[in-house]
Amino acid sequence: MTKSALQIARAAYQPKLPKALKGNVKAVAGAATQSVADQEAIQKLFPNTYGMPLIKFEATDEAIEFPAINVGVILSGGQAPGGHNVISGLFDGIKKLNKDSKLYGFILGPGGLVDHNYMELTADIIDEYRNTGGFDIIGSGRTKLEKEDQFEKGYEILKELGIKALVIIGGDDSNTNACVLAEYYAAKNYGVQVIGCPKTIDGDLKNEMIETSFGFDTACKTYSEVIGNIQRDCNSARKYWHFIKLMGRSASHIALECALQVQPNICIVSEEVEAKDMSLDDVVTYIATAVANRAAQGNNFGTVLIPEGLVEFIPAMKRLIAELNDFLAANAEEFSHIKKSHQRDYIISKLTPENAAIYASLPEGVARQLTLDRDPHGNVQVSLIETEKLLSEMVGKKLAAWKEEGKFVGKFAAQHHFFGYEGRCAAPSNFDADYCYSLGYTAASLIANGKTGYMSSVRNTTASADEWIAGGVPITMMMNMERRHGEMKPVIQKALVKLDGAPFKAFAAQRETWAKETAYVYPGPIQYFGPTEVCDQPTKTLQLEQGK
């Protein structure tokens with residue numbers, strides 16, 4: 001296999017670990033916990049794993065003999081940089097406890113557990129994947145573990161391989177599934193521990209015990225490099241407005257972090273749009289005003305950052321989509337007989353006045369997309385809406401009207417970009433390489449201490465890795481009840497951008513200046529070697545949240 005120079009050099013990188021994990025380790029139990037909401041309902045669903053204490057690992061002189069243990073690992077959901085290092089840390093952690101311990105990887109996600117598709121991960125395989133991006137060591141998948149027959153099917157192979165602990169590396173849904181599995185195996189006395197690890201580039205799996213989800217740092221640095229390059233081009237050619245959509249369907253953490261890194265002219269934050277009850281037209285007017293103000297200074301160029309899930313956060317659009325979903329489900333037969341050219345008018349005539357007006361204001365392509373492409377549940381596929389094109393088209397229309405009225409004197413030409421997959425499998429930054437390795441190592445310590453239903457936690461992450469605090473947090477502590485597909489389900493509460501939080505406040509304090517001036521910052525590519533201030537910086541979000 002041919003390797004690049006960076007791959008070869010990177011393989012030799014030794015990730016840093018918290019001081020407490022370097023020698024003998026003892027688990028110190030903290031206060032008992034409760035779920036963030038719906039305590040009674042969650043406790044009823046998780047009688048065996050609810051209310052457990054927080055765990056913190058501390059160094060000790062006492063050496064303990066650990067028996068060899070077989071451990072299984074699963075990569076679940078979308079990729080995020082650093083997954084391979086979680087597995088490396090887990091491998092090194094269980095081997096340090098006992099060199100005869102074994103690690104098995106289930107292939108292509110939770111489906112591998114159910115279908116008994118696995119491989120043993122030996123030292124030579126692990127060494128090939130240290131400090132690399134991607135999930136290709138065993139692949140990932142989106143199978144949900146929620147039915148008893150799946151748990152039983154999984155237990156068959158765990159029993160056969162003598163696996164006593166299972167580590168599930170995933171986002172909020174995957175860790176919810178991990179918690180359900182931990183509860184099931186505990187209730188049945190199967191003797192299988194289940195530990196979760198917090199993964200998602202979206203950054204929406206966090207709380208006081210999980211300061212950041214892994215992959216967020218690398219993904220934001222990857223996107224910021226490319227946005228910086230676009231801004232350099234933008235400021236060189238001086239003739240385009242670049243509309244850049246960024247991953248993050250449920251929260252705007254990526255867009256906000258990238259804005260703090262590159263200082264674009266405009267960044268829309270979905271959570272603010274929702275809180276202010278802004279309409280689509282309000283968002284369009286906000287962008288168009290900034291374009292017009294820059295044009296008045298002779299600057300017909302700029303950058304706009306847009307979170308992927310924006311449309312779902314605009315309350316009026318949410319209402320329109322809900323009515324469309326209901327109407328098209330109830331009238332599918334009749335709608336299928338309407339001629340293509342008449343479909344738009346037909347729908348406008350059937351909607352409530354408020355929704356009809358919004359629907360009529362949408363560009364043709366988007367309106368068609370809202371009515372034609374449904375997912376298997378009959379819902380609009382919001383992620384397919386090209387929000388960046390929708391906004392630039394509507395901004396262009398508004399500016400043309402303003403030109404007639406003499407309110408706009410410039411030119412407006414747009415370019416469109418969507419950055420998503422580009423950031424999910426990048427070689428992890430030093431921060432993510434260290435953080436992920438520590439999460440895996442911590443998971444090994446949780447297993448050694450007999451824990452189940454816990455998520456691996458590494459805190460104090462703006463300090464040097466030496467000072468990081470490793471421990472575990474009961475997954476039930478993060479849960480609340482939410483309506484999913486018509487029924488109430490226990491799920492890990494998503495962390496949205498806090499409008500009263502330090503990162504958003506820092507952005508809000510500067511955005512008017514950025515809108516008027518060309519204040520671009522060009523972060524350049526991720527640096528793996530060199531001075532620590534260039535190579536080991538955590539995200540701006542983390543630094544601001546922790547007052548650094």
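Guide: Let us start with a term: two strands are said to pair if DSSP finds at least two bridges between them. In this model, which is a predicted one, an open sheet of four strands with parallel pairing has the order β9-β10-β8-β11.

Visitor: What makes β8 and β10, or β9 and β10, count as paired strands?

Guide: Pairing asks for at least two bridges, and six bridges join strand β8 (residues 241-246) to β10, the two running parallel. Strand β9 (residues 266-267) and β10 are linked in the parallel sense over two bridges, and since pairing needs at least two, β9 and β10 also qualify. Residue by residue, lysine 245 stands opposite isoleucine 306 in β10, while cysteine 267 has leucine 305 of β10 as its bridge partner.

Visitor: Why is one side of β9 and of β11 left without a neighbour in the sheet?

Guide: Each of these strands, β9 and β11 (414-419), has a single partner strand and stands at an edge, so one of its sides has no neighbour in the sheet.

Visitor: Which helices lie on this sheet?

Guide: Helix α8 (residues 216-237) lies across β8, β10 and β11, running at about 170 degrees to β8. Helix α11 packs on the sheet as well, touching β8, β9 and β10, and its direction makes about 150 degrees with that of β8.

Visitor: How do you know that strand β10 is largely enclosed?

Guide: A residue is called buried when its relative accessible area is under 20%. Six of the six residues of β10 (residues 302-307) are buried, so the strand is largely enclosed by the rest of the structure. Both faces are covered, with Gly302, Val304 and Ile306 buried on one side and Thr303, Leu305 and Pro307 buried on the other.

Visitor: Is glutamine 263 called buried or exposed, and why?

Guide: Glutamine 263 has a relative accessible area of 19%, and because the limit for buried is under 20%, the residue is called buried. Its place is in the loop between α9 (253-262) and β9.

Visitor: And is leucine 108 buried or exposed?

Guide: The relative accessible area of leucine 108 is 52%, and because exposed means over 50%, leucine 108 is exposed. Leucine 108 lies in the loop between β4 (102-106) and α4 (110-114).

Visitor: What is said about the phi angles of leucine 108 and glutamine 263?

Guide: Most residues other than glycine have a negative phi. Leucine 108, although not a glycine, has a positive phi of about 55 degrees, and glutamine 263, also not a glycine, has a positive phi of about 55 degrees.

Visitor: Which residues of helix α16 are buried, and why are they said to line one face?

Guide: In α16 (residues 353-361), Asn355, Ala356, Ile358 and Tyr359 are buried. Seen down the axis of α16, the buried residues fall within an arc of 165 degrees, so they line one face of the helix. These buried residues pack against α13 (315-330), α15 (340-350) and α17 (364-372).

Visitor: What is in the largest nonpolar core?

Guide: The largest nonpolar core has 109 residues, and Leu90 is one of those with the most contacts inside it. Helix α19 (residues 430-448) gives the most to this core, with 10 residues. A second, separate core of 47 residues includes Val273, Val291, Met394 and Trp402.

Note on methods
Residues are numbered from 1 along each chain as its sequence is written. This is a predicted model: local features need pLDDT of at least 70, side-chain atom pairs count only at pLDDT 80 or more; totals for chains, interfaces and linings use all residues. Side-chain values use heavy atoms; hydrogens and water are left out. Buried means under 20% relative accessible area, exposed over 50%, partly exposed in between (1.4 Å probe, protein chains only). The arc is that of the directions from the helix axis to the C-beta atoms. Contact means heavy atoms within 4.5 Å. A nonpolar core is a set of buried Ala, Val, Leu, Ile, Met, Phe, Trp, Tyr and Cys residues joined through side-chain atoms within 4.5 Å. Axes are lines fitted to C-alpha atoms, for helices over the stretch in contact, and angles run from 0 to 180 degrees between N-to-C directions.
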